[in-house]
Amino acid sequence: MRHKWACGLLVTAISTVPAPSQVSVYIGIAPPPIRYEAPPPPPAPEFVWVEGFWAPQGHHYRWVAGHYERPPFPGAYWSHPHYDHYQQGWEYHQGYWDHEDHGHGHGHAYGHYKDNDEDDHGHGHGHD
């Protein structure tokens with residue numbers, strides 16, 4: 001009886017853990033050129049400018065305007081969305097917040113490159 005209960009608990013636990021998944025979105029035509037948007041002054045010093053980008057919408061693209069966001073954790077930097085071209089079309093990769101030190105010894109946070117303190121005007125670019 002105890003064995004059946006433990007097996008049932010294990011099956012329930014496994015079935016409730018979300019499996020990592022990624023949905024790929026392919027579009028047959030290349031995204032339009034990125035629009036340059038001059039960022040307004042930030043609402044507060046800790047905010048990062050997230051550049052605008054073309055998001056897939058059906059078989060077309062929709063412009064998402066640049067905006068400021070507060071990094072979700074200390075040392076976070078924005079890795080902007082991008083597209084890769086494959087035989088089946090252009091694959092969209094969502095933007096995300098990443099940690100500035102993720103194994104290659106340099107990072108970007110709060111609008112400045114940490115290695116040489118070169119200003120990128122607060123654009124929050126990630127490392128590709």
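Is Glu46 buried, partly exposed or exposed? In this predicted model, whose residues are numbered from 1 along each chain as its sequence is written, local features need pLDDT of at least 70, side-chain atom pairs count only at pLDDT 80 or more, and totals for chains, interfaces and linings use all residues. Side-chain values use heavy atoms, with hydrogens and water left out.

**View 1. The chain as a whole, with its helix and strands.** The protein chain holds 1 helix and 11 strands, where helices (H or I, at least four residues) and strands (E, at least two) are DSSP runs numbered from the N terminus. Read from the N terminus on, the order of elements is α-β-β-β-β-β-β-β-β-β-β-β. Of the 128 residues in the protein chain, 30% are buried, a class defined by a relative accessible area under 20%, with exposed meaning over 50% and partly exposed in between (1.4 Å probe, protein chains only).

**View 2. The salt bridge between Arg70 and Glu46.** A salt bridge is counted where a side-chain nitrogen of Lys or Arg lies within 4 Å of a carboxyl oxygen of Asp or Glu, and by this rule the count comes to 1. The side chains that meet in it are those of Arg70 and Glu46, at 3.3 Å from N to O. The pair links distant parts of the chain, 24 residues apart, with Arg70 in the loop between β5 (67-69) and β6 (76-79) and Glu46 in the loop between β1 (25-27) and β2 (48-50). Glu46 is partly exposed, since its relative accessible area is 32%.

**View 3. The open sheet built from β1, β8 and β7.** Strands are taken to pair if DSSP finds at least two bridges between them, and an open sheet of 3 strands has the order β1-β8-β7 with antiparallel pairing. Because β1 and β7 stand at the edges with a single partner strand each, one side of each is left without a neighbour in the sheet. Neighbouring strands of this sheet are turned by 35° against each other on average, direction ignored; the axes are lines fitted to C-alpha atoms, for helices over the stretch in contact, and angles run from 0 to 180 degrees between N-to-C directions. In strand β8 (residues 89-93), 4 of the 5 residues are buried, so that this strand is mostly covered.

**View 4. Bridge partners along β8.** The antiparallel pairing of β7 with β8 runs over 5 bridges, and the two strands form a hairpin with 2 residues between them. Tyr83 has Tyr92 in β8 as its bridge partner, while His82 has His93. The antiparallel pairing of β1 with β8 runs over 3 bridges, and Tyr92 is also the bridge partner of Val25.

View 5. About 180 Å³ of space lies in the largest pocket. On a 1 Å grid over the protein atoms alone, a pocket is an open set of points with protein on both sides within 12 Å along at least five of seven lines, whereas a cavity is a set of points where a 1.4 Å probe fits but cannot get out, and lining residues have an atom within 4 Å of a point. Grid points are joined across faces, edges and corners, and the volume is the space filled by probe spheres set on the points. The lining consists of Pro31, Pro32, Ile34, Glu51, Gly52, Phe53, Trp54, Trp78, His80, Pro81, His82 and Tyr83, and β3 (53-57) and β7 (82-86) each supply at least two of its residues. By class the lining has 8 nonpolar, 3 polar and 1 charged residues, where Ala, Val, Leu, Ile, Met, Phe, Trp, Tyr, Cys and Pro count as nonpolar, Asp, Glu, Lys and Arg as charged, and the others, Gly among them, as polar.

**View 6. Pairs of residues that are separated along the chain.** Pro41, in the loop between β1 and β2, counts as exposed at 72% relative accessibility, and its C-alpha atom is separated by 9.4 Å from that of Tyr68, 27 residues apart along the chain.
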